[in-house]
Amino acid sequence: MNDLFRLDGCVALVTGANTGLGQAIAIALAQAGADIAAVGRTAPHETLAAITAVGRRGVWIEANLDDSKAAPAIIDTAVAQLGGIDILINNAGTIRRNDALDFTEDDWDSVVDVNLKSAFFLCQAVARRWVAENRGGKIINIASMLSFQGGIRVASYTASKSGLLGITRLLANEWAARGINVNAIAPGYFATNNTTALRADEMRNRAILERIPAARWGDPADLGGAAVFLASRASDYVHGAVLAVDGGWLAR
Ligand code: NAP
């Protein structure tokens, strides 16, 4: 049974793996047996050290995901460096906070380009390869509570994460019969750089904590099990699903 969840011999590409949730996901996948291509603009020294420590290979592919045109080259580089690609995790993401009345086009584009546009074109680039090779693969998009809810002062983030969940479902519809699993993980409120401002705001911090049934912020390591499940054979018949890892937030 445990073999269902092993990733030995697999290569996983994780965007934004230098820190936060992406780092925890990359390490969990490596612990399950995968080699890791960590994609991002900041060198993921700590992540690569943790991957090596569990006996797996890890490489950094330097890329700025503001530019979605980089997607095919990123996939090609991962294949060239690690011999293939079996799993894509679209984790890199950014956020801008401002009242909708004051939101600028730059606040919009800078978030949507990374969170949605680059994620879609990475899905396309990897799926084109898998289809050409007549094989399947696993794609996991990192969604959000704001794939379900409106949020406040984060217009482009809500648009991008709602869009990412929609695209997850669309791609599952198009690709499930090809053996490509496209699913999403929706993290609740996790203690990372992404939520520093929220946690520093005493009132928002308290309001969020009071609403989480588990009564604590998520620890990035809390995501590891969901990521391994959706990356492994254990999820072969799971398509277009979103797995909330949220301490019960959505159940409230
Ligand atoms: P984080 O610590 O801020 O990490 C974000 C990652 O994305 C970093 O590796 C960052 O790289 C990378 N990134 C951002 N813009 C990029 C760009 N233009 N090109 C390449 N890489 C870029 O935040 P996190 O909380 O771990 O977030 C990871 C994902 O989870 C995001 O998609 C976020 O929206 C989502 N999420 C987080 C929470 C939460 O509570 N923390 C909840 C729901 C969803 P740099 O270090 O170089 O900036």
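Q: Is Arg 153 buried, exposed or partly exposed?
A: Arg 153 is partly exposed, because its relative accessibility is 40% and that class runs between 20% and 50%. Keep in mind that this is a predicted model.

Q: Where is Arg 153 in the chain?
A: Arg 153 sits in the loop between β5 and α5. Its phi is positive, about 65°, although Arg 153 is not a glycine.

Q: Which residue has a positive phi near 55°?
A: That is Asn 134, which is not a glycine either. Asn 134 is in the loop between α4 (105-132) and β5 (137-142).

Q: And is Asn 134 buried or exposed?
A: Asn 134 is exposed, because its relative accessible area is 72% and the cut-off for exposed is over 50%.

Q: What lies 2.7 Å from an oxygen atom of the ligand?
A: A backbone N or O atom of Asn 91 does. Taken alone, the ligand exposes 880 Å², and the protein buries 92% of that.

Q: Which atoms lie 2.8 Å from a ligand oxygen?
A: One is a backbone N or O atom of Leu 21. Another is a polar side-chain atom of Arg 41.

Q: Which pocket does the ligand take up?
A: The ligand's space is the largest pocket.

Q: Let's move to Thr 195. Where is it?
A: Thr 195 is in the loop between β6 (180-187) and α6 (196-200).

Q: Why does Thr 195 count as buried?
A: Thr 195 counts as buried because its relative accessibility is 7%, and buried means under 20%.

Q: How far is Thr 195 from Ile 95?
A: Their C-alpha atoms are 9.4 Å apart. Along the chain, Thr 195 and Ile 95 are 100 residues apart.

Q: Last one, Asn 183. Which strand is it in, and is it buried or exposed?
A: Asn 183 is in strand β6. Asn 183 is buried, with a relative accessible area of 0%.

Q: How far is Asn 183 from Ala 172?
A: The C-alpha atoms of Asn 183 and Ala 172 are separated by 7.4 Å. In sequence, the two are 11 residues apart.

Conventions: Residues numbered from 1 in each chain as written. Predicted model: local features only at pLDDT ≥ 70, side-chain atom pairs only at ≥ 80, totals over all residues. Heavy atoms only, no water. Polar contact = N/O pair within 3.5 Å; in protein donor to acceptor, adjacent residues only side chain to side chain. Areas by Shrake-Rupley, 256 points an atom, 1.4 Å probe, with all protein chains shown as cover. 1 Å grid on protein atoms, 1.4 Å probe; cavity = no way out; pocket = protein on both sides within 12 Å on 5 of 7 lines; lining within 4 Å. Sits in = over half its atoms within 2 Å of the grid points. Helix = DSSP H or I, 4+ residues; strand = E, 2+ residues; numbered from the N terminus. Buried < 20%, exposed > 50% of the residue type's maximum accessible area, 1.4 Å probe, protein only.
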